[in-house]
Amino acid sequence: MYNLLQIKLMVLDGGGVRGISAILQLGLIMKTVNRKLKRPRGQHLLPWQVFSLIGGTSTGGILAVMLGRLKMSTDECLDEYCKLSKIVFQPKRARADIPRRAADRLTADERFDADVLEQQIRAVIEKKIGDADIPLMDDEGEISPCRVFVCSKMSSVGHVSLLRSYENENQPDSISDRCKLWEACRATSAASTFFSPCKIAGRVFIDGALGMNNPVEAVWQEAKDLWGDGNTVIISLGTGEKPSTTTHEGLTGIVKTLEEIATETQNTANRFIQRNNDLVERDFYYRFNVPGLGRVGLHEYQRVELLEEQTDGYLNRHEISQRLLRCAEKLREVCQSPLFGTSPPVFSLPMRMAIEYNYEPSTRRRITLNECIHGWGG
């Protein structure tokens with residue numbers, strides 16, 4: 001039987017300014033989807049209208065919030081993130097303060113000002129929403145058209161925690177409903193040696209890059225918790241395959257950590273493919289990751305043009321462009337509603353309206369009408 005509930009998931013890796021590459025990849029995917037849907041330019045679907053759940057770590061977490069919670073277009077997200085990077089990746093020590101800069105390198109102290117990062121994140125939220133202190137939890141609750149989570153790590157226990165814009169009844173979560181949106185962004189970006197840890201509700205958080213820089217497994221599990229098993233399309237966007245050793249010259253321990261993160265990120269992708277090969281065979285899983293971006297340091301915002309050139313070159317490779325076309329076609333298929341044709345309306349309901357349908361031959365389940373519509377991209 002045709003499964004009405006088709007879930008679209010987006011996974012965003014961490015990677016500092018190299019997150020710009022992920023935005024560019026997504027921008028071309030969205031452009032291709034809208035072209036295939038024959039939607040006029042002024043009526044293009046945005047990522048929050050297409051994807052059911054977006055999960056990210058560090059930079060990927062900030063992008064997930066911008067795209068899913070703040071409902072930005074890819075162009076707006078790219079513009080805001082480039083401006084944010086240029087401001088927050090200014091060293092907190094003056095260039096002439098050589099002794100203190102050297103001491104920071106030797107002791108692996110944070111090189112950038114976390115207060116500036118907080119101010120800029122709050123400014124982006126206030127500009128978009130009008131209130132810098134809005135909660136992480138979405139007011140629309142269960143019928144939110146796009147759910148978002150970011151990965152962070154509670155320093156006292158060492159395991160990765162998910163800070164969610166929604167409730168997951170299958171997972172204990174004592175933090176998300178006490179967390180502000182800017183705090184979630186700050187926690188997921190508290191990368192060691194870059195920004196100081198973040199305190200939320202009395203707990204200290206650092207970024208979750210070491211252990212979950214590629215949060216595909218978490219996104220997959222969250223989707224199962226929320227919607228069960230069904231037709232699920234996963235788009236996983238990477239930020240490059242190798243870290244830059246020039247970022248931490250002389251700090252062999254930190255360089256080793258960055259190499260471990262890069263290795264873990266790709267190993268995670270490989271494991272997921274091995275365990276879920278049926279998704280790949282049925283064209284339900286797509287991974288895009290530009291090789292060679294390790295030449296750009298995590299903080300090197302000045303090298304945006306190189307990021308753009310490398311990403312454009314990657315997307316123009318024949319095998320990658322064909323994969324992207326298949327990806328866009330799959331998204332088009334699940335965004336087209338047999339009820340509403342090729343232009344599904346995008347709206348949310350002021351109240352829950354339940355209908356019944358045969359989810360599986362042996363199971364009957366009640367879902368909201370908004371979930372049905374959202375299953376097709378609205």
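Predicted model: local features only at pLDDT ≥ 70, side-chain atom pairs only at ≥ 80, totals over all residues.

Reader: Okay, and which way do β3 and β4 run, and how many bridges join them?

Author: Strand β3, covering residues 147-154, is joined to β4 by five bridges, and the two run antiparallel. Strand β4 itself, residues 160-164, is mostly covered, since four of its five residues are buried.

Reader: Stepping back a bit, how many helices and strands are in the protein chain?

Author: The protein chain has 14 helices and 10 strands. Of its 378 residues, 54% are buried, and among the contacts with a separation of 6 or more, 73% are between residues 24 or more positions apart. The accessible surface comes to about 16600 Å², with 50% of that belonging to carbon and sulfur atoms.

Reader: Where does UniProt put the "active site"?

Author: The UniProt record, which is an unreviewed entry, places that feature at S58 and D207. Although these residues are spread over 150 residues of sequence, they cluster in space, with a largest C-alpha distance of 5.9 Å.

Reader: And where does S58 sit, and what does it touch?

Author: S58 is found in the loop between β2, residues 53-57, and α3, residues 59-69. Leaving aside residues up to four places away in sequence, S58 touches G14, C151, T188, S189 and D207.

Reader: Is S58 buried or exposed, and what about D207?

Author: S58 has a relative accessible area of 10%, and because buried means under 20%, it counts as buried. D207, which lies in strand β6 (residues 203-207), is likewise buried at 10% relative accessibility.

Reader: What does UniProt list for residues 45-67?

Author: The unreviewed entry lists residues 45-67 as a "transmembrane region". In the model, the chain over residues 45-67 is 57% helix and 22% strand, and the end C-alpha atoms are 12 Å apart.

Reader: New topic: which residues of α12 are buried?

Author: Helix α12 runs over residues 304-315, and its 12 residues reach 16 Å from the first C-alpha to the last, close to the 16 Å expected at 1.5 Å a residue. Its buried residues are V304, L306, L307, T311, Y314 and L315. They cover an arc of only 160° around the axis, so they lie on the same side of α12.

Reader: Why would residues three or four places apart point the same way?

Author: An α-helix has 3.6 residues a turn, and therefore residues three or four places apart point the same way.

Reader: So what is on the face turned away, and what covers the buried residues of α12?

Author: The face of α12 turned away from its buried side carries the exposed residues E305 and E309. The cover over the buried residues includes α1 (19-36), β8 (285-288) and α13 (318-335).

Reader: How far apart are the end C-alpha atoms of α13?

Author: They are 25 Å apart, which agrees with the 26 Å that its 18 residues should span at 1.5 Å a residue. Buried residues in α13 include I320, L324, A328, K330 and R332.

Reader: Last one: what does K330 touch?

Author: K330, in helix α13, counts as buried at 13% relative accessibility. Not counting residues up to four places away in sequence, K330 touches V233, R282, D283, F284 and Y286. Of these, F284 is 46 residues from K330 along the chain, while their C-alpha atoms are separated by 7.5 Å.

Note on methods. Residues numbered from 1 in each chain as written. Heavy atoms only, no water. UniProt positions renumbered as here; feature names shortened; annotations may be inferred. Buried < 20%, exposed > 50% of the residue type's maximum accessible area, 1.4 Å probe, protein only. Contact = heavy atoms within 4.5 Å. Expected span 1.5 Å × (residues − 1). Arc of directions from axis to C-beta. Areas by Shrake-Rupley, 256 points an atom, 1.4 Å probe, with all protein chains shown as cover. Pairing = 2+ DSSP bridges.
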